[in-house]
Amino acid sequence: MVRVCIGRRSEPSQVDSSRPLTVEGASGERLLDLLDEVASPISFSCRSATCGSCRVTVERGAELLEAPRASERETLLALGGGPATRLACQVRVSGATGEVHLTPFAPT
Ligand code: FES
């Protein structure tokens, strides 16, 4: 099982890690489905790699997530963001065990 810890941002540049939400998922599960299980601070709109509202920053554990597919790469390229930026609606868990830490996207 992979534990996903979702931090909150008290300010765009500051992560409040004192009260992360956590949810566990197995390999192949969509992050979108896992975040729907908890009151996630990540917002979703299209859920199809179009709007970019679900952007997250993967702070740790990126190796436990599948690599971005073409549609996700294209949207991220158009919207900007660093290599740690992902679309939560497109990400699938790929690792066996470990922790992924992510926060809502904040432009730098
Ligand atoms: S919800 Fe629109 S890109 Fe993920």
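Here is a short chat about the predicted model shown above.

Biologist: What should I know before I start?

Modeller: This is a predicted model, where local features need pLDDT of at least 70, side-chain atom pairs count only at pLDDT 80 or more, and totals for chains, interfaces and linings use all residues. Residues are numbered from 1 along each chain as its sequence is written.

Biologist: How many helices and strands does the chain have?

Modeller: Two helices and five strands. Both are DSSP runs, numbered from the N terminus: helices are H or I with at least four residues, strands are E with at least two.

Biologist: What pattern do they follow along the sequence?

Modeller: The pattern reads β-β-α-β-α-β-β.

Biologist: What share of the chain is buried?

Modeller: Buried residues are 27% of the 108 residues. Buried means 20 or more other C-beta atoms within 10 Å of the residue's own; exposed means 12 or fewer; partly exposed is in between. The C-beta atoms are placed from the backbone.

Biologist: And contacts? What percentage comes from residues 24 or more positions apart?

Modeller: Among contacts in the chain with a separation of 6 or more, 66% join residues 24 or more positions apart. Two residues are in contact if their C-beta atoms, placed from the backbone, lie within 7 Å.

Biologist: New topic. Where is Ser94?

Modeller: Ser94 sits in the loop between β4 (85-87) and β5 (98-104).

Biologist: Why does Ser94 count as partly exposed?

Modeller: Because Ser94 has 14 other C-beta atoms within 10 Å.

Biologist: Which residues does Ser94 touch?

Modeller: Leaving out residues up to four places away in sequence, Ser94 touches Ser27, Leu64, Leu65 and Glu66.

Biologist: What about Ser94 and Ala62?

Modeller: They are 32 residues apart along the chain, and their C-alpha atoms are separated by 9.7 Å.

Biologist: Switching to Arg47. Where does it lie?

Modeller: Arg47 is in the loop between α1 (31-36) and β3 (55-60). Its phi is near 60 degrees, a positive value in a residue other than glycine.

Biologist: Which residues does Arg47 touch?

Modeller: Leu32 and Cys89, not counting residues up to four places away in sequence. Also, the C-alpha atoms of Arg47 and Gln90 are separated by 7.8 Å. Those two residues are 43 apart along the chain.

Biologist: What is the phi of Ala49?

Modeller: Positive, about 65 degrees, although Ala49 is not a glycine. Ala49 also lies in the loop between α1 and β3.

Biologist: Why is Ala49 called partly exposed?

Modeller: Because Ala49 has 19 C-beta neighbours inside 10 Å. Arg47 is partly exposed too, with 16 other C-beta atoms within 10 Å.
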